[in-house]
Amino acid sequence: MPSHQPTAGMMAVDPAYVSEQPSAASKPAPKEPVRNTKYDPKKPHITETPMTKKNWYKHVNWLNVVLILGIPLTGLIAAWWTPLYWQTAVFAVAYYFATGLGITAGYHRLWAHTSYSATTPLKIFLAAVGGGAVEGSIRWWARDHRAHHRYTDTDKDPYSVRKGLLYSHFGWMLMKQNPKRIGRTDISDLNDDFVVVWQHKHYLKVVLFMGLIFPSIVCGLLWQDWLGGFIYGGILRIFFVQQATFCVNSLAHWLGDQPFDDRNSPRDHVITALVTLGEGYHNFHHEFPSDYRNAIEWHQYDPTKWSIWAWKQMGLAYDLKQFRSNEIEKGRLQQLQKKLDQKRSKLDWGVPLEQLPVMEWDEYVDQAKNGRGLIAVAGVVHDVTDFIADHPGGKAMIKSGLGKDATAMFNGGVYLHSNAAHNLLSTMRVGIIRGGMEVEIWKRAHAEGKDTVMSKDAHGNKIVRAGSQPTKVFDPPASANAA
Ligand SMILES: [Zn+2]
Ligand SMILES: [Zn+2]
């Protein structure tokens, strides 16, 4: 083993595990395993010294480089000379799913998030096959994952995607990490779980047996393919399971939609779901982490959810946690509302009424007489000079309203204008008539809460719904000008 500083990112053998061996016999079994004896919190950690040409190799976590890149590469080369039996291929794929589920249904949804409870036989199964995925002990994995949820995208997030896609995928394990930097999380529940504690203590044996020996034995005893079992069912299968589950930290924070919250990086995408046994609905997952599901629609791919559900039917899993759809839909709606607000704020809704200058009626009439194309509708004055030629109802019709109160004409007296017409008109408004009758109507309507012109979004922008433009007057008062 290369000499190393303890790092939170050590995947297969975690520092806490290393330190436990010599002291296990002399001391009573500690609940919280002690740190590596070589670790001195007072000495500056290697990650606190800048990387140079001379010391770069000290920044690299060589053990993980061997485990994540070296061994798979050797396996790929060995596969060139190793014939692949179909039975071994079928077994390797099945074992890929089993060990992947050990991570997704076991490490992740059961232990990191306690989104359901499992009976002891199921726990032992998940701890065993999860160990066969070679991604660290449950205890180490769940602690980092809880920090990832608590401190998503910050410096305390052990695999923050803000440091780059490759970093979040496996760069965080290939390079040493400063244990002081990772956010603190409570794992007292895991320290009380004897399956978790046992697996952590015997992690190396679990990894060797479930990762490599077991697949060799199965393929060797059943169809005499010992080497194929080792290469395909062991080494290469480990490589694929690792790369697939690493995608939860990289791809799921990079590719797809954010239907529930877009303030952080988690995203939903079917491709990520296909790669990660259903962990691809990651935006949902970060919003509702204690829900045993990732995919909430029946047609979405989430074999991890299906497995947990099946275990429940078999009496192996219970207390499956699920958020009420009412709560889920509230989150979805609020995110939609946020998107709507952003779109609305980019559109021209006209000068806000309260910012318009106030005009006297006579002033309005005078200006219109002097050739300015002004038209008053519902007490709001609009300058339609540039629009007269384009008026769909003809120049004569619009001109007949200039300098008059055109409220009734506009609202059905002559023609019941469309919603689009009211919207367009609002972009031409230039003033408000003091004490104008229609303004009074408009004010009264607001006082009675009859329309929503004044309702505002989270950014204080007005929300103007169809039919609630200030120029829209239902049942306009008869006006002499309208005839
Ligand atoms: Zn995440
Ligand atoms: Zn999670």
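Asp-319 turns out to be exposed, with 11 C-beta neighbours inside 10 Å. The label follows a simple count: a residue is buried if 20 or more other C-beta atoms lie within 10 Å of its own, exposed if 12 or fewer, and partly exposed in between, with C-beta atoms placed from the backbone. This is a predicted model, in which local features need pLDDT of at least 70 and side-chain atom pairs count only at pLDDT 80 or more, while totals for chains, interfaces and linings use all residues. Residues are numbered from 1 along each chain as its sequence is written, and chains are lettered from A and ligands numbered from 1 in the order in which they are written.

Back to Asp-319, which sits in the loop between β2 (317-318) and α15 (325-345). Helices (H or I, at least four residues) and strands (E, at least two) are DSSP runs, numbered from the N terminus. Setting aside neighbours within four places in sequence, Asp-319 is in contact with Tyr-116 and Ser-117, contact being a pair of C-beta atoms, placed from the backbone, that lie within 7 Å.

Zooming out, the protein chain has 20 helices and 6 strands. Of its 483 residues, 41% are buried. Among contacts between residues at least 6 apart in sequence, 70% join residues at least 24 apart.

Leu-84 gives another view of such a pairing. This residue lies in the loop between α3 and α4 (86-112) and is partly exposed, with 14 other C-beta atoms within 10 Å. Its C-alpha atom is 9.5 Å from that of Ile-231, 147 residues away along the chain. Beyond neighbours within four places in sequence, Leu-84 is in contact with Ala-89, Gly-228 and Tyr-232.

Helix α3 also has a packing partner. Two packed helices are described by the angle between their axes and the distance between the axes. For α3 (residues 62-79) and α7 (residues 165-174), the angle is about 135° and the axes are 8 Å apart. Axes here are lines fitted to C-alpha atoms, for helices over the stretch in contact, and angles run from 0 to 180 degrees between N-to-C directions. The two helices are therefore oblique to each other; angles under 35 degrees count as roughly parallel, over 145 as roughly antiparallel, 65 to 115 as roughly perpendicular and the rest as oblique. On the α3 side, Asn-64, Val-65 and Ile-68 meet Phe-170, Met-173 and Leu-174 of α7. By class, this contact has 5 nonpolar, 1 polar and no charged residues. Ala, Val, Leu, Ile, Met, Phe, Trp, Tyr, Cys and Pro count as nonpolar, Asp, Glu, Lys and Arg as charged, and the others, Gly among them, as polar.

Helix α5 has 12 residues and reaches 16 Å from its first C-alpha to its last, close to the 16 Å expected, where the expected span is 1.5 Å times one less than the number of residues. Its buried residues include Leu-122, Phe-125 and Lys-123. In the loop between α5 (120-131) and α6 (138-150) lies Val-134, whose phi is near 55°, a positive value in a residue other than glycine. Most residues other than glycine have a negative phi. Val-134 is buried, with 26 other C-beta atoms within 10 Å.

Helix α10 has a kink to look at. It has 21 residues and reaches 29 Å from first C-alpha to last, close to the 30 Å expected. At Ile-213 α10 bends by about 40°, and Pro-215 follows within four residues; the bend is the angle between axes fitted to the seven residues ending at a residue and the seven starting there. Among the buried residues of α10 are Tyr-203, Met-210 and Pro-215. Following α10 is Gln-224, with a positive phi near 55°. Gln-224 is exposed, with 12 other C-beta atoms within 10 Å.

Finally, Tyr-364 belongs to helix α16 (residues 361-369) and counts as buried, with 24 C-beta neighbours inside 10 Å. Its contacts, leaving aside neighbours within four places in sequence, are Met-359, Leu-374, Ala-376, Val-381 and Ile-433.

Definitions and conventions
Two residues are in contact if their C-beta atoms, placed from the backbone, lie within 7 Å.
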